[in-house]
Amino acid sequence: RFAWDAAIAEQLGQPALMDLWFSELTRNASTGVVNAKVKVSVAEDLAGAEHKLVVYLLEDSIVGWQSDANATPSEIPDYVHRHVLRDDLISPWGDVVLTGTEAVGDTIEFALPAYTLNSAWNTEHLSLVAYVYNSTTYEVMQVVEKYVP
């Protein structure tokens with residue numbers, strides 16, 4: 001059995017290499033176009049490691065049919081699906097946002113391409129999740145989620 005408490009405590013004790021946030025996130029209510037910018041601030045030496053940014057669009061609380069072999073009855077007509085992946089805003093594997101040459105204290109802003117929402121989606125339950133990962137080790141370095149206004 002893996003000792004999760006010890007592993008979590010060890011990770012929490014490590015300094016964050018970077019900070020990540022949405023510096024802009026807007027939605028035009030009439031056109032459904034979302035515009036967003038993400039900022040990454042370098043907090044520790046990246047030691048030459050390249051990092052990629054990934055941004056996903058999620059919809060929460062979608063009510064629909066679901067099959068569950070462990071439930072009785074096994075077909076659930078009004079199951080609430082949580083955090084459903086709707087799309088990626090740049091690329092499923094991300095775009096390079098840090099090359100490893102940035103200095104501690106540098107802040108990089110990444111403007112996402114304008115994205116038009118599907119009119120069938122419930123805009124009250126949409127969020128963007130952005131994360132930065134090391135493209136060599138695939139370790140996720142920082143994550144942020146923000147609801148679409």
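This is a predicted model: local features need pLDDT of at least 70, side-chain atom pairs count only at pLDDT 80 or more; totals for chains, interfaces and linings use all residues.

Modeller: Start with Lys37 and Glu24. Their side chains meet in a salt bridge, with N to O at 3.8 Å. That falls within the 4 Å cut-off, so the pair counts. Lys37 sits in strand E2 (residues 33–42) and Glu24 in strand E1 (residues 18–27). The two are 13 residues apart, and the pair links distant parts of the chain. Lys37 is partly exposed, at 28% relative accessibility. Glu24 is partly exposed too, at 29%.

Next, Arg86 and Glu59. Their closest N and O atoms are 2.9 Å apart, in a salt bridge. Arg86 belongs to strand E6 (residues 84–88), while Glu59 belongs to strand E3 (residues 51–59), so this pair ties together parts 27 residues apart in sequence. Arg86 has a relative accessible area of 33%, so it counts as partly exposed. Glu59 is buried, at 5% relative accessibility. Buried here means under 20%.

Then Arg82 and Asp60. This salt bridge has its closest N and O atoms 2.6 Å apart. Both residues lie in loops: Arg82 between strand E5 (75–81) and E6, Asp60 between E3 and strand E4 (62–67). They are 22 residues apart, and again the pair links distant parts of the chain. Arg82 is partly exposed, with a relative accessible area of 49%. The cut-off for exposed is over 50%, so Arg82 stays in the partly exposed class. Asp60 is buried, at 8% relative accessibility.

Terms used:
Residues are numbered from 1 along each chain as its sequence is written. Side-chain values use heavy atoms; hydrogens and water are left out. Helices (H or I, at least four residues) and strands (E, at least two) are DSSP runs, numbered from the N terminus. Buried means under 20% relative accessible area, exposed over 50%, partly exposed in between (1.4 Å probe, protein chains only).
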